[in-house]
Amino acid sequence: MLEKADLPYPERIKNPEDIDRLVVVKMHHAQKKLERGFFTATSYEEYKEKAGKLLEQGVITDDLLENARIEEYIIGPVFNFDFFYSPLEEEMNPIELLGVDWRFETSLDGHVRLPAAQQLVLNDKQKIPEYTVCGHNTATVRESLLEKGFQLAERYVKATKEHYKPGIIGPFCLQTCVDKDNNFFIYDVAPRIGGGTNVHMSVGHPYSNTLWRTNVSTGRRVAMEIKKAIEEERLDEIVT
Ligand SMILES: Nc1ncnc2c1ncn2[C@@H]1O[C@H](COP(=O)(O)OP(=O)(O)OP(=O)(O)O)[C@@H](O)[C@H]1O
Ligand SMILES: [Mg+2]
């Protein structure tokens, strides 16, 4: 989808022997259903060494490793953009930014809270971080970046309409990293309510609240859309 929409995503490295910068090797965790067996590497040697250790620990399998996606690791903060597309909206911009969130990931977030000296003496089992989501936090982005975020969403909505009719409806989440030159890279898309929108519950979010002048969580926004569709007898336009 990202390719079709000509959206920026982290460059894929097909062959592990070509690893020449920091990459993330992405696959499912072998034992923990729904979790990840991600690891990073900066060279083929490091890739082999870390893969070997994770295979030994049962975190990954040969099969998973063979089908893993290797992509450039974007060094910068993670911003999940929680958007909402309204097929019913005819006056305002049909794409709304409801909020921005980021996630707490274990054990990665524990690692970055350790001083370097302590990181370096961790044993093999503790050394390679996992990326299990265990919490969410709310965020805002600098004003000048908002426009770029909207452009990504506009291209994504357009591409879903072209390639997967009728296209995205309602909430979707673009999961992005921002590099040192303020370029966005989309590393994942949730074509549904993003998990991080839990932070909107009851309080809404600075962006949705500003737009609607009241507390608007993702759940409330969905309810507003359904109500509007019923009132305008257009329910068929928001369900598939
Ligand atoms: N290219 C990348 N550069 C930097 N960090 C990345 C990259 N890809 C993924 N990550 C990190 O890994 C985490 C999980 O990545 P991703 O969303 O691709 O996995 P997932 O299993 O699809 O997650 P979920 O289904 O929970 O959204 C991100 O939150 C981010 O911290
Ligand atoms: Mg994701």
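Predicted model: local features only at pLDDT ≥ 70, side-chain atom pairs only at ≥ 80, totals over all residues.

User: How many helices and strands are in the chain?

Analyst: The chain has eight helices and eight strands, taken as DSSP runs (helices H or I, at least four residues; strands E, at least two) numbered from the N terminus. Its C-alpha atoms fill a box of roughly 60 × 35 × 35 Å along the principal axes.

User: What share of the residues counts as buried?

Analyst: Of the 240 residues, 43% are buried, where buried means under 20% relative accessible area, exposed over 50% and partly exposed in between (1.4 Å probe, protein chains only).

User: On to ligand 1. Which residues are closest?

Analyst: Lys26, Arg36, Glu71, Glu105 and Asp188 are the closest of the 17 residues that surround ligand 1; a residue is near if one of its heavy atoms lies within 4 Å.

User: Which strands supply at least two residues each of that shell?

Analyst: Those strands are β1 (23-26), β3 (69-72), β5, β7 and β8 (184-190).

User: What is the distance from a nitrogen atom of ligand 1 to the side chain of Lys26?

Analyst: An N or O atom of the Lys26 side chain lies 2.8 Å from that nitrogen. For oxygen atoms of ligand 1, the corresponding distance is 2.6 Å to the Arg36 side chain and 3.2 Å to that of Tyr187. Ligand 1 exposes 630 Å² when taken alone, and the protein buries 82% of that, by the Shrake-Rupley method with a 1.4 Å probe.

User: Now α8. Which of its residues are buried?

Analyst: Thr218, Arg221, Glu225 and Ala229 are buried in α8. They cover an arc of only 75° around the axis, which puts them on the same side of α8; the arc is that of the directions from the helix axis to the C-beta atoms.

User: What covers them?

Analyst: The cover includes β4 (78-85), β5 (95-107), β7 (170-178) and α7 (206-212), with contact meaning heavy atoms within 4.5 Å.

User: And which exposed residues are on the face turned away?

Analyst: That face of α8 carries Lys227, Ile230 and Glu231.

Notes
Residues numbered from 1 in each chain as written. Chains lettered and ligands numbered in written order. Heavy atoms only, no water. Polar contact = N/O pair within 3.5 Å; in protein donor to acceptor, adjacent residues only side chain to side chain.
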